[in-house]
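Trainee: I would like to learn how to read a few local features of a model. Please take them one at a time.

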Amino acid sequence: MKISERSIVNIGSVCNINCKHCYYYRQNRAWKSLLWILANILLIRICRMKDIDITGGEPSIYPHIDLLVWWCEILGFREIRLVTNGVRYRKLEQLSKRPRVRFSVSIHSHIQYNLYRLTGHINLYELIHKFIFKCSSRINYVNCVITPYNTDIENILDILKPFKTPVMLCIKALDYHYDHAIKYFKFSEYRIALNNALRKAPENQRIDIRFFPFCVLDKDNFERKNIKCCSSKTNVYDPMDWNPVISREAPLRRWLMFIFGSDKVREKVSLEQALYRKTTDDVMVKQCFECSEKDTCDGIQNEYLKKFGDKEFIPFCE
Ligand code: SF4
């Protein structure tokens, strides 16, 4: 299997909406310096990455976004994907004219009222759907975070209806390591609805399940080929995901091996980095030793366990 040739550059936390589940909900909002961003993109290319995601904040409101896309083009990236909320659809439509530009769009509910409760904006649904209508052929990824403001979980796959071609839907749980405005929302509140929704997923749609321990899925959904439970280890091989070595957490030795190494060495250090992340304090794997998936699953977030304990998680047994 080939390792992922995609990486990501985060250009800062400025955004035109303010979702309650966002990593940056209570943080000061600022762009990173242009020089830092350009240097990071160059470094990613030096690492022989072929695809790049530009995230923020909201990249379409970044004052130098045209320059960044141009920089990625001249460095020879195969795909330049903007991670967007779709609100500034005229600017995004203009950017979509560049042949290598693609979009990952975040839609955290397909119900207008819920989007209003989540963000405080009254016309978000129309703006996002204008963007989808104009740029659907350039969108290859849809992000959807499950929150108390995204209550229509049984019909979550309706989010994909406006797309004429299959796209990847990434369903995310709240990441409890961030201080956002949603503090208490247990898996058990939506687990049955989520599993029922996934049973309705057509075979030609790929669904990524992210920040969830694998056992949040019922076994039949877990075994479906078009549903992927993301973990640090499985992401190493996913072309839609980011190679873990391109991270500030990676030691210099791994960077150097990755830049100069053969394909085998690059795979080895990518996996090492993924597993290094797995053993940080972010997850707890206490009761998982009897689980058949313990070597791949990232376990349960520590912050989640502090809030709710581990009673909801039943290991898969062989
Ligand atoms: S390893 Fe632990 S968290 Fe992961 S599926 Fe098994 S029981 Fe659940």
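Trainee: Is Ile46 buried, exposed or partly exposed, and why?

Mentor: Buried means under 20% relative accessible area, exposed over 50%, and partly exposed in between (1.4 Å probe, protein chains only). Ile46 has 44% relative accessibility, so Ile46 counts as partly exposed. Ile46 sits in helix 1 (residues 34-46); helices (H or I, at least four residues) and strands (E, at least two) are DSSP runs, numbered from the N terminus. This is a predicted model, in which local features need pLDDT of at least 70, side-chain atom pairs count only at pLDDT 80 or more, and totals for chains, interfaces and linings use all residues. Residues are numbered from 1 along each chain as its sequence is written, and side-chain values use heavy atoms, with hydrogens and water left out.

Trainee: Where is Gly57 found, and what is the peptide bond from Gly56 to Gly57?

Mentor: Gly57 belongs to the loop between strand 2 (51-55) and helix 2 (65-74). The bond from Gly56 to Gly57 is cis, with omega near 15°.
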